[in-house]
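Open the structure in your viewer and keep the selection tool ready. This tour moves from one stop to the next and says what is there.

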Amino acid sequence: MVTLLLLDIGLAVGALCGIAGVYLLSRTELHADADPVLVSPGRRHWLYPAKFIRHAGIMPADVVFVYWPLKISLAMTMPLVLAELNPGASLWALVASSFSAFFTVDFLLWQRRKQRRQELQSSLSFFIDLVNAYLFSGTSMAGAFEKAGEFGFARRHPLAMEIQLVAREIRAGESYAMAFERLYLRTGVRELQRLAAVISVGRQAGASMMDTLARQAEVIRDHQEELNRKLISQKSILLLFAMMIVGLPMFAVIVIFPAVIKMTEIFQLLKGIF
């Protein structure tokens, strides 16, 4: 009995450690002094999704020895805990709990990546306007990017972290096109790739960077407004669908059911007459 009790305590502690690991993984932030170069995009990392983890704002090298052990421990511990809490649980319930626990880390990373991309996209037009303001005041391009990332956003904002890395690469002698291309590889935000192409073409053509960035900010704002309208339309459709699901049973009970009863009574009267 003591052995079983210790086993139960060990399983519970293992489950709590797994949940705590998932929570700490979800709260991990990108360090500004971390290596900004992502692993070569031409290689396929199907055993360890380095690009997926980096898009979520976590350095892949920091969790390389945590990713798979955490997934396996959650998959093994969760069905055992469920079996201890509910001895009558079916085999399918145990398999489903193990399967869902195995992909918990990936789901949290996907949710974190989605939220991070939304923050980057929504802040990009403001960032470009701020860079333009610093350029108008006489600051260099690299200095404008660095100051806009440092003073325009909170310290933990994802765009502030990424822009600090871009500014350091530019100061180290990297070209703007390559620096922003790496920024796109680290974040997966398509607008950053377009911004890199615009800056590269503008510098090669000798165009005014302030005018170029101002037009790009307008394009990004128009695109963001279009995305917001699509999102509102999708939410409206979902809300209408939910109202239909709730309203149809009420309509059937209030309107259709009494009408059916009346029709039944009428047919019974007609049957009695004829």
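**First stop: a crossing**

Select α5 and α7: their axes come within 9 Å and cross at roughly 70 degrees. That makes α5 roughly perpendicular to α7, a term for angles of 65 to 115 degrees. Axes here are lines fitted to C-alpha atoms, for helices over the stretch in contact, and angles run from 0 to 180 degrees between N-to-C directions. Helices are DSSP runs of H or I with at least four residues, strands are runs of E with at least two, and both are numbered from the N terminus.

Before moving on, note that this is a predicted model, where local features need pLDDT of at least 70, side-chain atom pairs count only at pLDDT 80 or more, and totals for chains, interfaces and linings use all residues. Residues are numbered from 1 along each chain as its sequence is written, and side-chain values use heavy atoms, with hydrogens and water left out.

Now show the side chains at the crossing. From α5, Arg116, Glu119, Leu120, Ser123, Leu124 and Phe127 take part. They meet Pro158, Leu159, Glu162 and Ile163 of α7. Contact means heavy atoms within 4.5 Å.

**Along α5**

Stay in helix α5 and pick Asn132. Is Asn132 buried or exposed? Asn132 is buried, at 12% relative accessible area. Buried means under 20%, exposed over 50%, and partly exposed in between, with a 1.4 Å probe and protein chains only. Leaving aside neighbours within four places in sequence, Asn132 touches Met209, Met210, Leu213 and Ala214.

**Helix α8**

Next, select residues 176-187, which form helix α8. The expected span is 1.5 Å times one less than the number of residues.

Which residues of α8 are buried? Colour Tyr176, Ala179, Phe180, Leu183, Tyr184, Arg186 and Thr187. Look down the axis of α8: these buried residues fall within an arc of 165 degrees, so they line one face of the helix. The arc is that of the directions from the helix axis to the C-beta atoms. An α-helix has 3.6 residues a turn, so residues three or four places apart point the same way.

Now show the cover over that face. It includes α2 (50-55), α5 (104-136), α6 (141-151), α7 (158-171) and α9 (190-205). Gly188 follows α8, with a positive phi near 80 degrees.

**Helix α9**

Move on to α9. This helix has 16 residues and reaches 23 Å from first C-alpha to last, close to the 22 Å expected. Its buried residues are Glu191, Leu192, Leu195, Ala196, Ile199, Ser200 and Gly202.

Pick Ala197, also in α9. Ala197 is partly exposed, at 41% relative accessible area.

Then pick Val201 in α9. Val201 is exposed, at 53%. Thr212 lies 11 residues away in sequence and 9.7 Å away in space, C-alpha to C-alpha. Just after α9, find Gly206, where phi is positive, about 75 degrees.

**Last stop: the whole protein**

Zoom out. The protein has 10 helices and 0 strands. Of its 274 residues, 34% count as buried. Among contacts between residues at least 6 apart in sequence, 63% join residues at least 24 apart.

Note on methods. Parallel < 35°, antiparallel > 145°, perpendicular 65-115°, else oblique.
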